[in-house]
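The following report describes a single protein chain, first as a whole and then through selected residues.

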Amino acid sequence: MTWQKSSFSTNGAECLEIRHTPTGIQLRESESPENIHTVDPTRLRSLIHYLKCTIKEHE
């Protein structure tokens, strides 16, 4: 399973990395890769949708 980061990320150590596993979606910060958080794909999708809507409302 390979970690991926956004194409908007620089080569610095301030990136959010993500990967899909059989147990869910895993997230980690490149600054502290030992801290891995596993989330349910449906809940992550809901969070991203909420954030996108909230940002659009404030533009």
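What percentage of the 59 residues in the protein chain do buried residues make up? In this predicted model, buried residues account for 22% of the 59 residues.

**Overall architecture**

The protein chain contains one helix and four strands. In sequence order, these elements follow the pattern β-β-β-β-α. The radius of gyration of the protein chain is 13 Å, whereas a compact globule of 59 residues would have a value near 10 Å. The C-alpha trace spans about 35 × 30 × 20 Å along its principal axes. Of the contacts between residues at least 6 apart in sequence, 7% join residues at least 24 apart.

**Surface and charge**

The accessible surface of the protein chain amounts to about 5100 Å², and carbon and sulfur atoms contribute 54% of this area. There are 7 positive and 8 negative side chains in the protein chain. The centres of these two sets are 9 Å apart.

Thr-21 belongs to strand β2, which covers residues 16-21. Thr-21 is classed as buried because its relative accessible area is 6%, under the 20% limit. The side chain of Thr-21 forms a polar contact of 3.1 Å with the side chain of Thr-23. When residues up to four places away in sequence are not counted, Thr-21 touches Met-1 and Gln-26.

Met-1 is found in the segment before β1 (4-5). Is Met-1 buried or exposed? Met-1 has a relative accessible area of 65% and is therefore exposed, the threshold being over 50%. With neighbours within four places in sequence left aside, Met-1 is in contact with Arg-19, His-20, Thr-21 and Pro-22. For one of these residues, His-20, the C-alpha atom is separated from that of Met-1 by 7.3 Å, although the two residues are 19 residues apart along the chain.

Thr-42 is located in helix α1, which comprises residues 41-57. Its relative accessible area of 45% makes Thr-42 partly exposed, because that class lies between the limits of 20% and 50%. Glu-34 is placed in strand β4, formed by residues 32-39. With a relative accessible area of 61%, Glu-34 is exposed.

**Sequence and spatial separations**

| Pair | Separation in sequence | C-alpha to C-alpha distance |
|---|---|---|
| Met-1 and His-20 | 19 residues | 7.3 Å |
| Thr-42 and Gly-24 | 18 residues | 9.4 Å |
| Glu-34 and Glu-17 | 17 residues | 12 Å |

Glu-34, in strand β4, is 12 Å from Glu-17 by the C-alpha to C-alpha distance.

Notes: Residues numbered from 1 in each chain as written. Predicted model: local features only at pLDDT ≥ 70, side-chain atom pairs only at ≥ 80, totals over all residues. Heavy atoms only, no water. Helix = DSSP H or I, 4+ residues; strand = E, 2+ residues; numbered from the N terminus. Buried < 20%, exposed > 50% of the residue type's maximum accessible area, 1.4 Å probe, protein only. Polar contact = N/O pair within 3.5 Å; in protein donor to acceptor, adjacent residues only side chain to side chain. Contact = heavy atoms within 4.5 Å. Rg over C-alpha atoms; globule rule 2.2 N^0.38 Å. Areas by Shrake-Rupley, 256 points an atom, 1.4 Å probe, with all protein chains shown as cover. Lys, Arg positive; Asp, Glu negative; His and termini not counted. Charge placed at Lys NZ, Arg CZ, Asp CG, Glu CD.
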